[in-house]
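Here is my note on the model you sent. Please read it with the structure open.

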Amino acid sequence: MDLFVRVRELSVALCAPLEIEDYGVQPMADASPPKWHLAHTTWFFETFILKEFVPGYQPVHEQYEYLFNSYYNGVGTPFPRVSRGFLSRPTVAQVLDYRVQIDEAMHELLEGCDNEEIWRRLVLGCHHEQQHQELLITDLKYNFGHNPLYPAYVSAPVLPAARTPADMRFVEQSGGITYVGVNATSDSFFFDNEGPDHQVLLQPYAVGDRLVTNGEYLEFINDGGYANPQIWLAEGWAHQLQQGWQCPEYWVQRDGQWFEYRLDGLHPLRLDLPVVHVSGHEAFAYANWAGARLMTEFEFEASVPLQTEGGYLEQGFFHPMACPEASAGSGGWIKQGFGQTWQWTASAYGPYPGYEPMAGTLGEYNGKFMSSQLVLRGASCVTPQTHARRTYRNFFYPPDRWQFTGIRLAKNV
């Protein structure tokens, strides 16, 4: 119950800096308005818990099941994703009232409840909403970051002072047979795509001890990285030509000087910060240019430690931070694994051996997306801290750039 209350309150709190005009903007097809995120996460609890477990339950509005269904075809035909920004109604006030009504109904249902399936779905719904908290911020950044005014979501300085990172070192790993994934008997929450646990064979490899920085990526740009087809995958080369990419998302050049939009506004580019908002195609190209490669998702899970320090969503930095000066280049310690950027891997997103999706309509949650996407590992600066774990498998298409995605290098040994 405490998790439910905390998660529900945080979603509303994340919208506190917004003006009413911000709630309905859908800046691109893959993003959603803040109002929709608030409603959809509420729809999840109404659809998969209240409607199924409360006898005679009457929906708050009969059309909400259609308007706020994301992709669950087992529930019904969803409202077109690309049209979410056209919905001026329900109003923001009506959506917030919808949340209050569903929260009250959930509290009434959960009082003294001993139904294990209800509690299982409640926890799943909370983690689902945490995913949408991250999406809410990334979608909002796409809106603000493509507005010529470059409005700030937060007004206070969000980053520590600039520092010079030490040279990247590669930490050697012996490889061998190791277990990855989550055992089905685990008491901790995990999504179905994180299991079952199984053995993999890793050849010896080395891992970059920190993330690639803006300064290092700028060297790639200045060396003609976007004009060299030999370092790009064929699909990536075609895509960057089509899109006209010449730098990461949110980089802006004015009078020969580079700037970067962060959620506290537009600022001169900080060379010490991790490069962020690059596509999988750009990550592959940079790794080739640097004489390295991207990690596999299993190498990441086997070698990158879960770290509690950093700037998760709750800390309110809203941007990845520089590698700690005292530890950078110290060797043997792999840093910036979590709470900074999601890290592209070379692994295709697919099922683990023996994978079985959840039964029923909830089985659509992950399994049906196991096609044409890459796995990302770690956690970003806008990931809720309790949502981060070593086995988490995020996934996006290689051209996607609006998420907080960065680069970690690896090498063969």
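1. Basis. This is a predicted model: local features need pLDDT of at least 70, side-chain atom pairs count only at pLDDT 80 or more, and totals for chains, interfaces and linings use all residues. Residues are numbered from 1 along each chain as its sequence is written, and side-chain values use heavy atoms, with hydrogens and water left out.

2. The largest pocket has a volume of about 860 Å³. It is lined by 35 residues, and Tyr 71, Arg 81, Leu 135, Phe 395 and Phe 396 are the closest to its centre. A pocket here is an open set of points on a 1 Å grid where a 1.4 Å probe fits, with protein on both sides within 12 Å along at least five of seven lines; lining residues have an atom within 4 Å of a point.

3. The lining. Helix H2 (34-53), helix H5 (116-145) and strand E11 (394-396) each give two or more residues to the lining of the largest pocket. H5 gives the most, with six.

4. A loop residue. Asp 197 lies in the loop between strand E2 (176-180) and strand E3 (198-202). Asp 197 is partly exposed, with a relative accessible area of 27% (buried is under 20%, exposed over 50%, 1.4 Å probe, protein chains only).

5. Its neighbours. Asp 197 and Val 182 are 15 residues apart in sequence, yet 4.9 Å apart in space, C-alpha to C-alpha. The side chains of Asp 197 and Asn 183 are joined by a polar contact of 3.4 Å (a pair of N or O atoms within 3.5 Å; within protein, one must be able to donate a hydrogen and the other to accept it, and residues adjacent in sequence count only if both atoms are side-chain atoms).

How values were computed:
Points joined across faces, edges and corners; volume = space filled by probe spheres on them. Helix = DSSP H or I, 4+ residues; strand = E, 2+ residues; numbered from the N terminus.
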